[in-house]
Amino acid sequence: MDAELVKGTLSLLILSLLSRKSMYGYEIAATVHRDTAGAFTWREGSLYPNLHKMEADGLIVGEWEEKETGRKRRYYKITKKGREAQREKVQSWKVLYRAVNQILEKSDGQA
């Protein structure tokens with residue numbers, strides 16, 4: 001998959017996943033991998049910097065939780081500002097998707 005195309009969808013997908021429930025980093029990566037039938041495989045080097053930026057922007061919040069095993073995990077959840085951003089990103093995605101498909105349908109790279 002073209003990394004440049006995927007990069008623009010990362011925050012939309014993270015916000016959408018976190019709108020389902022709070023998740024920790026590895027869980028986010030595993031869920032997107034599973035739900036896309038392996039089309040997206042996120043590495044730590046792309047996922048965590050985005051999570052930190054989204055947290056700094058107030059779109060998500062992270063909280064450490066300790067499990068019965070004593071293992072700590074940082075769970076992220078979407079904020080009100082994040083839900084608003086998600087709605088805007090979904091609308092933008094729909095417009096982009098339709099526009100790109102209109103071009104592809106009229107070209108050799110049919111949608």
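Glu-27 is buried, its relative accessible area being 15%, where buried denotes under 20% relative accessible area, exposed over 50%, and partly exposed the range in between, as computed with a 1.4 Å probe and protein chains only. The model is a predicted one, in which local features need pLDDT of at least 70 and side-chain atom pairs count only at pLDDT 80 or more, whereas totals for chains, interfaces and linings use all residues. Residues are numbered from 1 along each chain as its sequence is written, and side-chain values use heavy atoms, with hydrogens and water left out.

The protein chain contains five helices and three strands, these being DSSP runs numbered from the N terminus (helices H or I of at least four residues, strands E of at least two). Their order from the N terminus is α-α-β-α-α-β-β-α. Taken along the principal axes, the box filled by the C-alpha atoms of the protein chain is roughly 55 × 30 × 20 Å, and of the 111 residues in the chain, 30% are buried. Gly-25, which belongs to helix α3 (residues 25-35), is buried with a relative accessible area of 3%; although 49 residues separate Gly-25 from Arg-74 in sequence, the two are 7.4 Å apart in space, C-alpha to C-alpha.

Side chains of opposite charge can pair when their charged atoms come close. With a salt bridge defined as a side-chain nitrogen of Lys or Arg within 4 Å of a carboxyl oxygen of Asp or Glu, the count comes to seven salt bridges. Among them, Glu-27 pairs with Lys-21, the closest N and O atoms being 2.8 Å apart, and Lys-21 counts as partly exposed at 45% relative accessibility. A further salt bridge joins Lys-53 to Asp-57 at 2.7 Å, N to O, with Asp-57 partly exposed at a relative accessible area of 31%. Asp-35 and Arg-34 form another salt bridge, in which the closest N and O atoms are 3.1 Å apart; Asp-35 is partly exposed, with a relative accessible area of 39%, whereas Arg-34 is exposed, with 57%. Through salt bridges that share partners, Arg-20, Arg-34 and Asp-35 are joined into one network.

The largest pocket holds about 430 Å³ of space. A pocket is here an open set of points on a 1 Å grid over the protein atoms alone, where a 1.4 Å probe fits, with protein on both sides within 12 Å along at least five of seven lines, and lining residues have an atom within 4 Å of a point; grid points are joined across faces, edges and corners, and the volume is the space filled by probe spheres set on the points. The lining comprises 16 residues, of which Leu-5, Gly-8, Thr-9, Trp-93 and Leu-96 lie nearest the centre of the pocket. Helices α1 (3-7), α2 (10-20) and α5 (80-105) each supply at least two lining residues, and α5 gives the most, with eight. By class, the lining divides into 11 nonpolar, four polar and one charged residue, with Ala, Val, Leu, Ile, Met, Phe, Trp, Tyr, Cys and Pro counted as nonpolar, Asp, Glu, Lys and Arg as charged, and the others, Gly among them, as polar.

Leu-96, found in helix α5, counts as partly exposed at 45% relative accessibility. Together with Trp-93, Tyr-97 and Val-100, Leu-96 forms a nonpolar surface patch with about 390 Å² of accessible area, the areas coming from the Shrake-Rupley method with a 1.4 Å probe. Such patches are made of residues with over 30% relative accessible area and no salt bridge, nonpolar side chains (Val, Leu, Ile, Met, Phe, Trp, Tyr) being joined within 5 Å and like charges within 9 Å.
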